[in-house]
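Look at the sequence and the 3D structure below.

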Amino acid sequence: MSKIEEVKAKVEAGKSKLVPGLVQEALDEGSAAGDILQAMVDSMGVVGEKFSSGEIFVPEMLIAAKAMSKGVDVLKPLMAGDGSASLGTCIIGTVAGDLHDIGKNLVSMMIESAGFDMVDLGVDVPADTFVQAVKDNANVKLVACSGLLTTTMPALKEAVATVKAACPEIKVIVGGAPVTPEYATEIGADGYAPDAGSAAVKAKELAT
Ligand code: B1M
C-alpha cells in the first residue's frame with residue numbers, strides 16, 4: 001500500500017493520531033500536497049457513502065472528519081500564499097444550522113492563499129453575524145458562505161439576502177455539495193464555486 005493509500009485508509013478509519021505522521025511521511029516520500037489532500041477528500045466521499053448505506057453512523061463520520069482535519073493541518077503551511085499585498089478581507093462561514101466545516105476550511109485556505117485576509121466565523125453562522133463581521137472588519141471585499149445540507153440551503157439564501165440588503169457593495173460567493181450554479185443565481189449570489197480551488201479563482205475575479 002502506498003503512503004497516500006495509507007493516509008486515505010486511516011482517514012476513513014478515523015485514526016486522528018496516525019494521520020498527521022502518515023501525511024508527513026507521504027510528503028517526505030515526494031507526494032504532492034494537492035494529491036494527499038485529494039486522497040483525504042476522496043476518503044470523506046467513501047465515509048459519506050458508508051453513512052448513506054447505514055454501514056456507519058454519525059460518530060464514525062465525526063471521527064473521520066477529525067482525522068482529516070489533523071491531516072489538513074500538516075498540509076496548510078505548504079498551501080499558504082506568497083505573502084504579497086492583500087486583495088482585501090474575506091469573511092467566511094458555514095450557514096446557520098449547518099455544522100460541516102471541512103469544505104469551508106479548505107475553501108478558506110485556498111482563498112487565503114490567493115491573497116485575501118480571512119475572517120473565519122466558524123459553523124452555524126446566523127445571517128446577521130455575516131453582516132456584523134463585514135462592519136467590524138477593515139477592507140472587506142467578499143463574504144463566502146458554505147452549506148452542506150439540503151436542509152440548510154434556505155439559510156444560504158437568507159445569508160445572501162441579508163448581506164446584500166445591508167451591504168450591497170460586498171460580493172457574496174456560495175458553495176457546498178448541494179449548491180448548484182443555478183441555485184446560486186436564483187438566491188442572488190455574485191458567485192458560485194464547486195470546489196476550493198475554483199472558489200479562490202472566483203474570489204479573485206469578484207474582488208479585483
Ligand atoms: Co454530515 N452529511 N451530517 N456530518 N457529512 C453529509 C453532508 C451527507 C451528504 C452524508 C450522506 O448522507 N451521504 C448528508 C447530507 C445529505 C443532504 O443534505 N442531502 C449529511 C447528513 C445527513 C448529516 C446529519 C444530518 C446526520 C445526522 O445527524 N443524522 C448531520 C447534520 C449536522 C448539522 O450540520 N446540523 C451531519 C453531521 C456530520 C458530522 C458532524 C458528523 C460530520 C461533519 C464534521 C465536520 O465538518 N467537522 C459530517 C461529515 C464528515 C459528512 C461527510 C461524510 C463529509 C463532509 C466533508 O467534509 N466532505 C458528508 C458526505 C460527503 O460529503 N460525501 C456528510 C469533504 C469536503 C472536502 O467536501 O464539504 O463537500 P465538502 O466541500 C467541498 C465542496 O462542497 C466545496 O469545496 C469543498 C472542497 O473542495 N465547498 C465550497 C464547500 N463549501 C464551499 C463554499 C464555497 C465554494 C465551494 O464558496 C463559499
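## Two helices side by side

Helices α3 and α4 are roughly antiparallel to each other, a label for angles over 145 degrees. The model is predicted: local features need pLDDT of at least 70, side-chain atom pairs count only at pLDDT 80 or more, and totals for chains, interfaces and linings use all residues. Residues are numbered from 1 along each chain as its sequence is written, and side-chain values use heavy atoms, without hydrogens and water.

α3 spans residues 33-52 and α4 spans residues 58-79. Helices here are DSSP runs (H or I) of at least four residues, and strands are E runs of at least two, numbered from the N terminus. The two axes come within 10 Å and cross at roughly 170°. Axes are lines fitted to C-alpha atoms over the stretch in contact, and angles run from 0 to 180 degrees between N-to-C directions.

Which residue is the only protein donor of the cobalt atom? H100 is, through NE2 at 2.2 Å. Donors are N, O and S atoms within 2.8 Å of the metal (3.2 Å for Na, K and Ca); water is not among the atoms, so sites may look incomplete. H100 sits in the loop between β1 (89-94) and α5 (102-113).

A backbone N or O atom of L99 lies 2.6 Å from a ligand oxygen atom. For G97, a backbone N or O atom is 2.9 Å from a ligand nitrogen atom.

Note on methods
Angles under 35 degrees count as roughly parallel, over 145 as roughly antiparallel, 65 to 115 as roughly perpendicular and the rest as oblique. A polar contact is a pair of N or O atoms within 3.5 Å; within protein, one must be able to donate a hydrogen and the other to accept it, and residues adjacent in sequence count only if both atoms are side-chain atoms.
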